[in-house]
Amino acid sequence: MKTDLDYLANAVLFLAVFVGIWELVFILGVWPSYSLPSPIMVFESFTEIILNFTLLQGVGITLGRLVVGFLISIGLGVTLGLVMIKFKGFGKIMSSFSAGLLSFPSIAWVPFSILLIGFNDAGILFIVIMSSVFSITISTYSSIRNIPTIYTDAAKNMGAKGISLFLHLTIPSATPSLIMGIRQSWSFAWHAIVGAEILMSVIGLGHILSVGREFQDMGLVIATMITIFTIGLLVDRLLLFKLEERIRSRWGLSSDR
C-alpha cells in the first residue's frame with residue numbers, strides 16, 4: 001500500500017513539474033501559440049471534444065477494434081508457438097521468420113492492407129494482428145523451450161505425461177515469460193492501431209489526430225495524444241502489470257518478499 005502511495009506521489013510531482021515547464025515555455029513565447037498552446041488551451045480542447053462526444057466515440061471505436069484484434073493475436077500466437085514446439089523443424093524455421101516479421105514496422109503493413117482488404121475495420125484488424133502476433137508467437141516458443149529440463153525429467157519420473165505434464169508443468173513454468181511477451185505485444189498493437197487509423201482516415205483516435213493536423217489545431221492533437229498515453233498507461237499498469245505480478249507471486253518468482 002505504501003509503495004502504491006509513493007508511486008502515486010512521485011507521479012503527481014513529475015506531472016506538476018512537467019506542466020510547470022510547459023507553461024513556462026509557453027509564456028516565454030519560444031513557439032507561437034498555434035504551434036505550442038498552453039496547458040489551459042489544451043484543457044479547453046479536451047473539454048470541447050468530451051462535451052461533443054468526439055473523444056468518447058473515438059476511444060470506444062479504437063478500443064473495440066484493439067480488443068478484438070489483440071485477442072485474435074493471442075489465440076493465433078499461442079497456437080502457432082505450440083505448433084512450433086511440437087514440430088521442431090518447423091519451429092526453427094518459423095522462429096527466424098517470426099523474428100524478421102517482428103522487426104517489420106507496423107506502418108509498412110498499411111499499404112498492403114489497403115490493397116488487399118480495403119479501407120475498413122477488417123483492414124485495421126489485419127494490421128493490429130500482423131503487428132502483435134509474432135511477438136506472442138516468439139514468447140510462447142521461447143517460454144516453453146526455456147523450461148529447465150530437470151523440471152521435465154523430475155515430472156516424468158513422478159509419472160506425469162501428456163496433458164497432465166502440459167497442464168501441471170508446462171503452463172505454470174511458461175506463463176510468467178508469456179505474460180511479459182503479451183505486455184510487449186500490447187504496446188505493438190496499440191502503436192499499430194493508432195498509426196493505421198491516421199493513415200487510413202477511419203473513425204477512431206488516430207482519425208482525431210489526423211483532423212487536428214489538417215485543421216492545424218495543436219490543442220486537439222495534444223489532447224488526443226494525452227488520451228492515447230493515458231489509456232496505454234492505465235491498461236499496462238492496472239491490468240497487464242497487475243496480472244504479471246500476481247502470476248509471478250503465485251509461482252514464487254516475485255522479488256518482493
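Predicted model: local features only at pLDDT ≥ 70, side-chain atom pairs only at ≥ 80, totals over all residues.

Student: Which residues of α2 and α10 make the contact?

Tutor: On the α2 side they are Val42, Ser45, Phe46 and Ile49, and on the α10 side they are Gly219, Leu220, Ile222, Ala223, Ile226 and Thr227.

Student: Is Thr227 buried or exposed?

Tutor: Thr227, which is found in helix α10, has a relative accessible area of 8% and is therefore buried, since buried means under 20%. Apart from neighbours within four places in sequence, Thr227 is in contact with Phe46, Leu55, Val59 and Leu205.

Student: What angle do α8 and α10 make when they pack?

Tutor: Helix α8 (residues 162-200) and helix α10 (residues 218-250) pack at about 170°, and their axes are 9 Å apart. The two are therefore roughly antiparallel to each other. Among the residues making this contact are Trp186 and Trp190 of α8, together with Asp236 and Phe241 of α10. The contact of α8 with α10 divides into 14 nonpolar, two polar and four charged residues.

Student: Which residues of helix α9 are buried?

Tutor: In helix α9 (residues 205-214) the buried residues are Leu205, Gly206, Ile208, Leu209, Ser210 and Gly212, and what covers them includes α3 (54-86), α8 and α10. Just after α9, Gln216 takes a positive phi of about 50°.

Student: How much space lies in the second largest pocket?

Tutor: Rolling a probe the size of a water molecule over the atoms shows where empty space is left. In this model, about 600 Å³ of space lies in the second largest pocket. Its lining has 20 residues, and those nearest its centre are Ile85, Lys88, Ile144, Arg145 and Thr170.

Student: Which helix supplies the largest share of that lining?

Tutor: The largest share, five residues, comes from α8, while α3, α4 (88-102), α6 (121-145), α7 (149-157) and α8 each supply at least two. By class, the lining of this second largest pocket divides into ten nonpolar, four polar and six charged residues.

Technical notes
Residues numbered from 1 in each chain as written. Heavy atoms only, no water. Axes fitted to C-alpha atoms, helices over the stretch in contact; angles between N-to-C directions. Helix = DSSP H or I, 4+ residues; strand = E, 2+ residues; numbered from the N terminus. Parallel < 35°, antiparallel > 145°, perpendicular 65-115°, else oblique. Contact = heavy atoms within 4.5 Å. Nonpolar A, V, L, I, M, F, W, Y, C, P; charged D, E, K, R; others polar. Buried < 20%, exposed > 50% of the residue type's maximum accessible area, 1.4 Å probe, protein only. 1 Å grid on protein atoms, 1.4 Å probe; cavity = no way out; pocket = protein on both sides within 12 Å on 5 of 7 lines; lining within 4 Å. Points joined across faces, edges and corners; volume = space filled by probe spheres on them.
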